[in-house]
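Biologist: I would like to learn how to read a structure like this one. Please take me through it feature by feature.

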Amino acid sequence: MSGSWGKKVQYTIFGESHGKGIGITIDGLPPGFAIDLAEVTRELERRAPGKSPLSTARNEKDAFTIWSGFLNGKTTGSPLCSIIENKDQRSADYESLAWKFRPGHADYTGSIKYNHFNDLRGGGHFSGRLTAPLVFAGAIVKQLLRQQNIHIGSHIQRIASISESQFDAVTIDQTILEQLKTKSFPVLDPAVGESMQQCILSAKTAGDSVGGIIEAAVIHLPAGLGDPFFDSLESTLAHLLFSIPAVKGVEFGAGFAFAQMRGSEANDAMYSKDNVVVTSTNHNGGILGGISNGMPLIFRVAIKPTPSISLEQSTVNAKGENVSITVEGRHDPCIVHRAIPVIEAAAAMAIWDVL
């Protein structure tokens, strides 16, 4: 099972949703870096469950313990390992599902690949619970990036059929990104955000779920990062973004809207401003030829509806028999708002590795 990623910095995640705990080992952090642990805690709280009717009732504090690589408030240069204990798992909720493959989950594919030895409780290692260690790592890397004046932020651009405006891809600034981080439901337009939340609660009442789109921006990224073809900046980012459970689509800049444009409209006109090359538009999302061009890096991620719903569904069991299933337990009617810090973490990890 692949639980490691990275070339210059290696990240290895481990654990299961209903095991004793989850964690991550980070190998390659610079020695002597003073980690702001309070900021790490705040980032984990942005993702943590059990805080509102919009999320699962599973109440995990996501308190972390650093086991190695950190002494007297600074990194030592050796691999940094952090553990987050699971405190509120209810494995009994999954006993009635014994080897009934939940639609939309990795139960079936995981059982085929691992010969039925995979942990099915709460999705095991496939669970979104494993995104907490990613947020831990991302919170540290964001601090490293900030030393180079690189900032990352995001907002909920769509929930189901309800959407708000996209970022201004040319003028997006740090103030907006910092303001979004203080919101429990990060949107640019509070009125649209309220409609989005009502949509989520409506799906919850119906025993169903909804998905959405997260738009992220990375500002002050220097030009020249990335390589053409296989190690393009888009490829590196997409690799990590698609590693996040429930992510089913990624687009950069105008993305699929390019299909409706002519070249004269899609091209970003260039000009010199204070001896710096900039563009008047940013349809390409800050990347050309797989390499950053100095404009804001803009991308959007599509999150599918939470597959665990309480409505009765058709499926197959481990014997190959057609059966019905009703998923019990505590589940999010929508995971988009909790995925915000996960998306930002993945972007930070990818960019730091490229840097």
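The turns below go through strands, helices, cores and backbone angles.

Modeller: Keep in mind from the start that this is a predicted model.

Biologist: How should I read a sheet, and in what order do the strands of the open sheet lie here?

Modeller: Strands of a sheet pair through backbone hydrogen bonds, either parallel or antiparallel. Here 5 strands make an open sheet with antiparallel pairing, and the order is β9-β8-β10-β16-β11.

Biologist: Which are the edge strands?

Modeller: They are β9 (162-163) and β11 (247-252), each of which pairs on one side only. Between β9 and strand β8 (residues 151-159) there are 2 bridges, in the antiparallel sense. Across that pairing, Arg 158 is opposite Ser 163 in β9.

Biologist: Which helix packs on the sheet?

Modeller: Helix α4 (residues 174-181) does, and it touches β8 and β10 (212-219). The direction of α4 makes about 65° with that of β8.

Biologist: What about strand pairs that form hairpins?

Modeller: Begin with strand β1 (residues 4-5) and strand β2 (residues 10-15), which are antiparallel and joined by 2 bridges. Trp 5 stands across from Tyr 11 in β2. The hairpin of β1 and β2 has 4 residues between the strands, and in it Gly 6 has a positive phi near 120°.

Biologist: How many bridges join β2 to strand β3 (residues 21-27)?

Modeller: There are 6 bridges, and β2 and β3 run antiparallel. These two strands also form a hairpin, with 5 residues between them.

Biologist: How many residues lie between β12 and β13 in their hairpin?

Modeller: There are 2 residues between them, and Asp 274 in the turn has a positive phi of about 55°. Strand β12 (residues 270-273) and strand β13 (residues 276-279) are antiparallel, with 4 bridges joining them. Met 270 is opposite Thr 279 in β13.

Biologist: How do I describe two helices that pack together?

Modeller: Two packed helices are described by the angle between their axes and the distance between the axes. Take helix α3 (residues 131-146) and α8: their axes come within 8 Å and cross at roughly 55°.

Biologist: What does that angle make of α3 and α8?

Modeller: The two helices are therefore oblique to each other. The crossing of α3 past α8 is left-handed. Residues of α3 that take part include Leu 134, Val 135, Gly 138 and Val 141, and those of α8 include Pro 341, Ala 345, Ala 348 and Trp 352.

Biologist: At roughly what angle do the axes of helix α1 (residues 37-47) and α3 cross?

Modeller: They cross at roughly 135° and come within 9 Å. That makes α1 oblique to α3. Here α1 passes α3 in a right-handed crossing. On the α1 side the meeting residues include Val 40, Glu 43 and Leu 44, and on the α3 side they include Phe 136, Ala 139 and Ile 140.

Biologist: How many residues are in the largest nonpolar core, and which have the most contacts inside it?

Modeller: The largest nonpolar core has 71 residues, and those with the most contacts inside it are Tyr 11, Ile 26, Phe 136, Ile 140, Ile 159, Leu 241 and Phe 299. Helix α8 (residues 336-354) gives the most to this core, with 13 residues. A second, separate core has 8 residues, among them Phe 167, Ala 169, Leu 180 and Ala 217.

Biologist: What is Leu 241 in contact with, leaving aside its neighbours within four places in sequence?

Modeller: Leu 241 is in contact with Val 247, Val 250, Phe 299, Val 301, Ile 343 and Ala 346.

Biologist: Where is Ala 160 found, and what is its phi?

Modeller: Ala 160 is in the loop between β8 and β9. Its phi is near 55°, a positive value in a residue other than glycine. Ala 160 has 34% relative accessibility, so it counts as partly exposed.

Biologist: Is Ala 246 buried or exposed?

Modeller: Ala 246 is buried, because its relative accessible area is 17% and the cut-off for buried is under 20%. Ala 246 lies in the loop between α6 (233-241) and β11. Ala 246 too is not a glycine, yet has a positive phi of about 85°.

Definitions and conventions. Residues are numbered from 1 along each chain as its sequence is written. This is a predicted model: local features need pLDDT of at least 70, side-chain atom pairs count only at pLDDT 80 or more; totals for chains, interfaces and linings use all residues. Side-chain values use heavy atoms; hydrogens and water are left out. A nonpolar core is a set of buried Ala, Val, Leu, Ile, Met, Phe, Trp, Tyr and Cys residues joined through side-chain atoms within 4.5 Å. Buried means under 20% relative accessible area, exposed over 50%, partly exposed in between (1.4 Å probe, protein chains only). Contact means heavy atoms within 4.5 Å. Two strands pair if DSSP finds at least two bridges between them. Axes are lines fitted to C-alpha atoms, for helices over the stretch in contact, and angles run from 0 to 180 degrees between N-to-C directions. Angles under 35 degrees count as roughly parallel, over 145 as roughly antiparallel, 65 to 115 as roughly perpendicular and the rest as oblique. A crossing is left-handed if the near helix is turned anticlockwise from the far one by less than a right angle, and right-handed if clockwise.
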